[in-house]
There are 2 protein chains.
Amino acid sequence: MNHQNAVENEHDFQRIDNLDKQVLVALQHNARVPYAELAKRFGVSAATIHVRVEKMKQTGIINGTQVLLDPKALGYQVCCFIGINLKAAGDYPAVLAKLEALAEVTEAYYTTGHYSIFIKIRCRNIDALHRLLVDQIQAITQIQSTETLLSLSQPISRQITP
Amino acid sequence: MNHQNAVENEHDFQRIDNLDKQVLVALQHNARVPYAELAKRFGVSAATIHVRVEKMKQTGIINGTQVLLDPKALGYQVCCFIGINLKAAGDYPAVLAKLEALAEVTEAYYTTGHYSIFIKIRCRNIDALHRLLVDQIQAITQIQSTETLLSLSQPISRQITP
DNA sequence: GATGAAAAAATTTGCGG
DNA sequence: CCGCAAATTTTTTCATC
């Protein structure tokens with residue numbers, strides 16, 4: 001019998017070759033770049049690019065594509081992080097459900113260290129942040145305390161290099 | 001004289017209509033979806049979708065497109081945030097330049113509150129994180145102290161709703 | 001602005017090395 | 001695994017409403 005799916009292997013991740021890496025880097029910068037252009041750039045056929053991309057979708061390396069929106073151009077001037085402490089660790093699922101219902105919460109992390117939950121917020125202005133914090137977040141009964149980090153600028157924004 | 005470029009206007013952002021919003025939401029989920037399909041879905045022509053997308057690129061609402069990679073599938077098991085305090089506020093540019101040179105630093109924020117700089121890290125495992133922290137980050141002389149928040153999971157990950 | 005049709009370009013498939 | 005080339009689909013342009 002063959003048991004090659006070693007899920008308990010410490011190195012359980014996909015190995016990719018150099019062409020795969022180049023394709024991923026290119027698609028990180030522009031997900032709509034024609035495969036024919038990548039083919040020319042990397043000295044292979046467009047069909048090969050197509051095959052590589054499909055395989056990486058299959059294996060889960062590629063999770064999808066998305067357009068990047070500029071929050072400020074849409075009127076979302078404020079970015080901040082909020083560290084949340086819960087009254088009891090078991091309240092985590094209930095609090096998460098309430099946070100998920102707030103459109104301004106764009107990311108949430110379950111963390112060790114100073115906070116139980118750590119979230120990223122985008123809102124229109126400081127007033128909107130104030131109202132969100134007081135009326136929506138601190139109103140969640142299972143939350144014991146919050147701490148806000150206001151982001152003034154984001155000088156680095158990128159993905160890992162494959 | 002006409003002075004319509006009110007950069008000091010508190011509402012200085014692009015107004016978009018309902019079709020624009022629908023297109024953006026669709027492209028947030030799949031940046032490669034054919035315009036013809038969106039056209040059918042929203043009851044307009046493919047040419048209209050094309051015009052709308054081009055306009056939103058022009059006005060800066062659309063910043064580009066990117067493929068989403070699964071860090072774990074590529075062997076990056078660990079995600080964490082590090083809060084950094086500097087010895088002097090003026091050291092900010094020098095420290096930022098050094099952080100930018102570290103591929104594991106995927107995001108950096110200039111923040112008010114407990115930390116001067118707040119960064120997000122992706123690395124292969126805890127050992128790699130340990131080495132990065134001690135050998136690369138705490139070795140930056142302008143850094144006074146660091147605080148690490150390890151992320152155990154990320155239950156929410158999305159962009160703002162246009 | 002939006003549209004339909006035409007032109008140009010890109011994706012996708014299947015055969016063969 | 002790769003490439004060629006055909007078949008299909010998509011993007012892009014443009015005259016017209």
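**Around the DNA**

Begin by selecting H3(B), which gives the largest share of the surface near DNA strand C, namely three residues; here a residue is near a strand if one of its heavy atoms lies within 4 Å of it, and helices (H or I, at least four residues) and strands (E, at least two) are DSSP runs numbered from the N terminus. This is a predicted model, in which local features need pLDDT of at least 70 and side-chain atom pairs count only at pLDDT 80 or more, while totals for chains, interfaces and linings use all residues. Residues are numbered from 1 along each chain as its sequence is written, chains are lettered from A and ligands numbered from 1 in the order in which they are written, and side-chain values use heavy atoms, with hydrogens and water left out.

Next, select B:Thr48, where an N or O atom of the side chain is 2.4 Å from a phosphate oxygen of DNA strand C. Then move to B:Ser45, whose backbone places an N or O atom 3.0 Å from a phosphate oxygen of that DNA strand, and to A:Ala36, where the corresponding backbone distance is 3.3 Å. Of the atoms of DNA strand C within 4 Å of the protein, 83% belong to sugar or phosphate, and the rest to bases.

**The strands**

Now select E5 (residues 143-157) of chain B, which runs antiparallel to strand E3 (residues 105-112) of chain A and is joined to that strand by five bridges; two strands pair if DSSP finds at least two bridges between them. Within this pairing, A:Glu107 stands opposite B:Ser157. Finally, select strand E2 (residues 78-86) of chain B, which eight bridges join to E5(B) in an antiparallel arrangement, and find B:Phe81 opposite B:Leu149.

Technical notes. Polar contact = N/O pair within 3.5 Å; in protein donor to acceptor, adjacent residues only side chain to side chain.
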